[in-house]
Amino acid sequence: MNFRKYLFILIPYSWLVALFLVPFIIVVKMSLSDGVMAIPPYTPYLTLTEGWAGITNFFTNLDFENFIFLTEDNLYWIAYLSSLKIAAISTVITLLVGYPIAYGMANASNEWRPTLIMLVILPFWTSFLIRIYSWMGILSQEGFLNQFLLWLGIIDQPLTLLNTNIAVYIGIVYTYLPFMILPIYASLEKLDLSLLEAAKDLGCNRTQSFWLVTVPLSKAGIIAGCFLVFIPVIGEFVIPSLLGGADTLMIGTILWQEFFANRDWPVASAVAVILLLILMVPIILFQRSEQKQREAE
Amino acid sequence: MKRFTWFNTISLTLGFAFLYIPMLILIIYSFNASKLVTVWAGFSTQWYSRLFNNEAFIDAAWVTLKVGFISSCAATILGTMIAYIMVRGGRFYGRSLFSSMIYAPLVMPEVITGLSLLLLFISIGLDRGVFTIILAHTTFSMCYVSVVVSSRLASFDVSIEEAAIDLGCTAFDAFRSVTLPIIAPAVISGWLLAFTLSLDDLVIASFVSGPASTTLPIKIYSSVRLGLSPEINALSTLMIAVVTFGVLTSSIISKRAIKRQKREEEQAFKNG
């Protein structure tokens with residue numbers, strides 16, 4: 001019985017070790033190697049045929065050169081910082097856009113709610129790429145937004161929106177909005193309405209009871225929504241590469257360029273390792289807050 | 001408090017307009033006669049017929065469907081196994097490493113997953129192509145499947161399974177005839193999720209695909225990077241239509257299933 005149980009565990013376990021853990025170790029190893037002009041463009045190789053000499057030779061060839069290179073070149077620091085900045089600003093905007101929608105959904109009548117939830121989830125099933133593409137037609141120089149604003153007479157010159165940071169923010173808010181709405185809606189739905197009545201009885205007007213009762217009680221949803229947007233946006237590639245411009249620096253696109261355009265695999269790996277180290281911070285904070293939430297319930 | 005105030009109505013209207021207007025514009029302009037996507041020049045379906053005659057797109061669509069189908073089936077089997085191990089498996093050696101390997105791919109940036117898998121395939125000398133994309137997609141979507149299935153597994157009573165074993169079922173029989181029918185809705189939605197994730201993936205597929213194995217997202221991306229194209233609008237419209245149809249039918253089916261289950265339970269209650 002026990003033997004069979006371990007055999008059953010072994011199948012997915014070895015799959016994950018082979019296709020997740022081992023590749024990850026290879027990236028770390030690669031980040032410590034030197035770039036050479038060859039295919040594959042890196043040394044050193046671990047050659048087990050040379051025995052112990054091969055292994056020691058392998059380890060003496062590893063160094064932190066790529067990481068030192070990253071710290072010396074300003075581009076990378078700016079890209080990491082700018083990824084964090086873009087992620088933070090777009091998280092705040094997504095919260096400001098998403099909260100009223102979640103609030104409206106939670107206050108909708110019971111027969112409407114399943115439909116509204118489905119309408120929020122539906123875009124999530126449609127291709128990410130297509131949703132980004134749809135904004136290219138809206139934001140371009142001759143795009144629909146410019147046509148509309150010109151027609152209204154608000155502007156007399158078309159605005160440059162596509163290939164700027166503004167377009168990146170719009171794209172992020174648009175694609176990540178369901179991740180913000182759903183957790184906030186879940187926490188607002190659980191809200192005990194008698195607490196709002198109590199606040200009213202105690203002399204709160206509607207605005208006060210919103211800020212003093214509703215918002216604090218939906219804190220769990222707000223925190224979860226913010227992490228669910230912030231964490232994936234840091235490593236985002238598609239949005240900055242299609243909607244962003246020359247001044248949009250995000251680490252996902254830098255990694256892509258290092259790998260595909262510059263073919264510098266060791267540097268691309270070092271960029272990936274540092275990106276992961278940066279991501280560890282919000283991921284651990286998120287796990288802690290989730291755990292606290294579970295204990296509170 | 002449960003009422004439609006003007007604030008709620010406005011925020012819902014604006015919110016859903018924001019979510020849906022871009023896609024509506026995309027769909028409308030796929031029927032545009034002009035090559036310029038943003039200028040309306042009359043109704044036409046020419047971009048659809050051009051799309052169906054574009055062999056590169058048709059080939060890419062086949063590759064994508066093949067990869068999506070195989071990888072989501074493999075991911076569903078492996079993901080359900082993982083969920084079963086995590087919820088029912090008890091203690092075993094290396095459990096904490098196992099659980100972190102399940103959750104890590106969910107938060108791993110796609111660029112890193114793609115890069116690391118490519119480096120693996122190169123270092124073991126595996127030629128890049130359809131097979132490597134299937135391996136990559138199975139690996140990340142099985143983790144999503146396991147999350148979906150474990151929440152369902154955790155919420156049902158173990159004693160039913162134990163009863164089946166007491167009545168002489170082997171562990172596998174008990175799983176097949178008791179557990180599987182109960183968790184089936186979660187397994188199906190896990191499969192759908194895995195299929196969608198695979199159909200949608202651009203970044204990982206770009207790293208691990210070879211020259212002869214272009215998926216639809218890779219094709220769309222390389223065409224869109226050069227600018228707007230009415231053919232892409234037509235393709236997007238078809239994809240949106242398929243997804244909407246799928247989501248609507250599955251939600252109707254699951255609603256009916258819930259209703260039937262309720263009715264049967266009531267019936268059983270009356271009879272019992």
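This is a predicted model: local features need pLDDT of at least 70, side-chain atom pairs count only at pLDDT 80 or more; totals for chains, interfaces and linings use all residues.
Residues are numbered from 1 along each chain as its sequence is written, chains are lettered from A and ligands numbered from 1 in written order, and side-chain values use heavy atoms, leaving out hydrogens and water.

**Stop 1: chain A, two helices.** Select H3 (residues 65-72) and H14 (residues 265-296) of chain A; helices are DSSP runs (H or I, at least four residues), numbered from the N terminus. Their axes, lines fitted to C-alpha atoms over the stretch in contact, sit 9 Å apart at an angle of about 75°. H3(A) and H14(A) are therefore roughly perpendicular (65 to 115 degrees).

**Stop 2: chain B, a nonpolar patch.** Now pick B:Phe52, B:Ile58, B:Trp62, B:Leu65 and B:Leu238, which make a nonpolar surface patch of about 490 Å². Patch residues have over 30% relative accessible area and no salt bridge, with nonpolar side chains joined within 5 Å; a salt bridge is a Lys or Arg side-chain nitrogen within 4 Å of an Asp or Glu carboxyl oxygen. Areas use the Shrake-Rupley method with a 1.4 Å probe. Helix H3 of chain B (residues 55-88) gives the largest share, three residues. B:Leu65 is in that helix and is partly exposed at 40% (between 20% and 50% relative accessible area).

**Stop 3: B:Thr113.** Jump to helix H5 of chain B (residues 110-123), where B:Thr113 lies. Is B:Thr113 buried or exposed? At 12% relative accessibility, B:Thr113 is buried (under 20%). Leaving aside residues up to four places away in sequence, B:Thr113 touches B:Met108 and B:Ile204.

Note on methods
Patches are made of residues with over 30% relative accessible area and no salt bridge: like charges are joined within 9 Å, nonpolar side chains (Val, Leu, Ile, Met, Phe, Trp, Tyr) within 5 Å. Buried means under 20% relative accessible area, exposed over 50%, partly exposed in between (1.4 Å probe, protein chains only). Axes are lines fitted to C-alpha atoms, for helices over the stretch in contact, and angles run from 0 to 180 degrees between N-to-C directions. Angles under 35 degrees count as roughly parallel, over 145 as roughly antiparallel, 65 to 115 as roughly perpendicular and the rest as oblique. Contact means heavy atoms within 4.5 Å.
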